[in-house]
Structure formats: structure tokens, C-alpha cells
Amino acid sequence: WKLFFVFFLLSFLFAFFYLRYTQKTYNVSASILIRVENDGIFSELSALEDLSIFKNTNQEVENEIEILKSRPLIENVVKTLNLNVKYFTKTKYTKRFVEITEGIPLEVSFFDDSKYQKNENFIVKINSEEEFDLLNKEGIFLSSHPIGDTLATKFGTIRLNVQKEFLQEYLDKSIYVRLNSLASTVEGYKSKLNIGINDPKSTVVILSVKTKARERAKIFLKSLIDEYNKNIVDDKNEIIQNTSDFIKERLDIINEELVGLESNLQSFKINNNLT
């Protein structure tokens, strides 16, 4: 019984610390309706869709899914939301890194494109609402600066702003800032993003992400959908503009041809004394 008691005690302690310090994982999802526009031969055969004789909807939906998962689309979202910058603290006893996903007390803004090509780590220690210390990743003090100032560092030109409503909890604490390269961040979000349809006959697409950062995942999915819609609008505007330019070009050619025909007809009538 002593052995059972020891195993029970160790299991209880392990479970307690696991539940106490392990971050929760959330499944965040969103759904969008893909509007399938049939034209040409597809519109002529649309009457046969209910009979399953001819149907091309699935292929079009799959094409849109591939666009939603495309690297350029996700890359634009990562750049817009600065998702390649993350903030961490260390647990009190285990000294394990825990990402700050909600109520982030500070925001580090980078002002050069080199932030997308490299991985950097440094530490920020907020002394007050007006001043912070900058340390390297080993915790060695580098310099002190007023909050809101733009400064040049080996990490690039940065500026630190704080969220005062979340600041008190992190005063005199070290916040670990991790800058990831754009390529690795995009690849990370591509691997986390799941896109599919629940019903093969439906054009409703489900996007989902499993993450510890629930609010960030919500913003990511919303921004991804917004970027997708923007691309659709841009594509349609480009098609409309190209069609308009083509029609204008053809009208100019036809107008020149008509003017030439009118001139030839006038000359013919004059030469043959018809007018």
C-alpha cells in the first residue's frame, strides 16, 4: 500500500502542475460562402446539375480553398498583423517560457524590412510607465530608454509602446521578445490552418486553427477572409478594366475602319457622278 500511495501522490502532483502551468489549446473556426459563378457552357448545362449529369462546383470550391491556403495571402496577413513578433514570460517555479496571448502589455514596432529575414531574441524590462530597460537574450543589460522613443539597435530600428491597462501586472518583470523570420512564420500558420467542406454538395468552406492564442487566431482568420475578399475584388476590377480597355481598343479600330469606308464611298460616288 505504501508503493500505491507514493505512486498516487506523484501522479497527483504531476497532474496538478501539468494543469496549473500548461496553456489551454483552443480550436478557432470560421466559415465562408464561396459564390460559384457559372458562365458559358456551364450556365447552359446548369439545368443538369440536379441530375448529377454535369457539375463543376466542387472543382471551383477546391480552387478557392487552394487560394485561401496560398503563401502570398497568408504572408500579407502576417505582415499586416505583425504575427512574426511574439512575447513570452517565464513561470515562477519551473522557469518555463509561456507565450503572452491575451492582455499583452507592450508592442515592439520594427521599422525596416530586415525584420522579415532574421530571427532575434531580446528582453524588455518595464521599470515604469515612462521607462524600460533593454537586455540581450542572455539577460545582459544594454541600455535604458523612455517608452515611445525610436531607437537604433542591432535588432533594427524599433519603438516600444505599452498598453497601460495591462502594464501593472508586468512591472519589474522580464518580457522576452522573439522575432521570427517571415518565411518560418508563414509556414507555421500554413501548417496550423485547416480548410475544408463538411458537405460535398455545399460551397460553404470551414477554416479552423488549433492554437493556444485564441484571440490572435480569431484576428488571423478574420484578416485572412478580409484579404481573400480584397483579392477577389481586385481580380474583378482588373478583369473589368482589361475588358474595358479591350472594348475601347476594338471600338477605336472599328471607328477608323468605318471612317475609311465612308471616305471610299464618298470618293466612289463623286467619281461616278452619283452625287
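The questions below go through some of the labels for this model, which is predicted.

Biologist: Why are α4 and α6 called roughly perpendicular to each other?

Modeller: The axes of helix α4 (residues 71–81) and helix α6 (residues 182–192) cross at roughly 115°. Angles of 65 to 115 degrees count as roughly perpendicular. The pair is therefore given that label. The two axes come within 9 Å, and α4 passes α6 in a right-handed crossing.

Biologist: Which residues make the contact between α4 and α6?

Modeller: On the α4 side they are Arg 71, Ile 74, Glu 75, Val 78 and Lys 79. On the α6 side they are Leu 182, Ala 183, Thr 185, Val 186, Glu 187, Tyr 189 and Lys 190. Sorted by class, the contact has six nonpolar, one polar and five charged residues.

Biologist: What makes Glu 75 and Lys 79 a salt bridge?

Modeller: The N to O distance between their side chains is 3.7 Å. The limit is 4 Å, from a side-chain nitrogen of Lys or Arg to a carboxyl oxygen of Asp or Glu. The pair meets that limit, so it is called a salt bridge. Side chains of opposite charge can pair when their charged atoms come close.

Biologist: Where do Glu 75 and Lys 79 lie?

Modeller: Both are in helix α4, four residues apart, about one turn of the helix. Glu 75 has 24% relative accessibility and Lys 79 has 33%. Partly exposed covers the range between buried, under 20%, and exposed, over 50%, so Glu 75 is partly exposed and so is Lys 79.

Biologist: How many salt bridges does the rule give?

Modeller: The count comes to eight. Among them is the bridge of Glu 215 with Lys 218, whose closest N and O atoms are 3.5 Å apart. Both of these residues lie in helix α7 (residues 214–271), three residues apart. Glu 215 is partly exposed at 34%, and Lys 218 is partly exposed at 43%.

Biologist: How do you know that Asp 234 and Lys 230 meet in a salt bridge?

Modeller: Their N to O distance is 3.2 Å, and the cut-off is 4 Å. The distance is within the cut-off, so the label applies. Asp 234 and Lys 230 also lie in helix α7, four residues apart, about one turn of the helix. Asp 234, with a relative accessible area of 36%, is partly exposed. Lys 230 is partly exposed too, with 45%.

Biologist: Why does Ser 223 count as buried?

Modeller: Ser 223 has 18% relative accessibility. Buried means under 20%, so Ser 223 counts as buried. Its place is in helix α7. Leaving aside neighbours within four places in sequence, Ser 223 is in contact with Val 77 and Leu 81.

Biologist: What makes Gly 103 partly exposed?

Modeller: The relative accessible area of Gly 103 is 22%. Buried would need a value under 20% and exposed a value over 50%, so Gly 103 is partly exposed. Gly 103 lies in the loop between β3 (97–99) and β4 (106–110).

Biologist: Which residues does Gly 103 touch?

Modeller: Not counting residues up to four places away in sequence, Gly 103 touches Phe 166 and Tyr 170. The C-alpha atoms of Gly 103 and Ile 253, by comparison, are separated by 63 Å. Those two residues are 150 residues apart along the chain.

Definitions and conventions: Residues are numbered from 1 along each chain as its sequence is written. This is a predicted model: local features need pLDDT of at least 70, side-chain atom pairs count only at pLDDT 80 or more; totals for chains, interfaces and linings use all residues. Side-chain values use heavy atoms; hydrogens and water are left out. Axes are lines fitted to C-alpha atoms, for helices over the stretch in contact, and angles run from 0 to 180 degrees between N-to-C directions. Helices (H or I, at least four residues) and strands (E, at least two) are DSSP runs, numbered from the N terminus. Angles under 35 degrees count as roughly parallel, over 145 as roughly antiparallel, 65 to 115 as roughly perpendicular and the rest as oblique. A crossing is left-handed if the near helix is turned anticlockwise from the far one by less than a right angle, and right-handed if clockwise. Contact means heavy atoms within 4.5 Å. Ala, Val, Leu, Ile, Met, Phe, Trp, Tyr, Cys and Pro count as nonpolar, Asp, Glu, Lys and Arg as charged, and the others, Gly among them, as polar. Buried means under 20% relative accessible area, exposed over 50%, partly exposed in between (1.4 Å probe, protein chains only).
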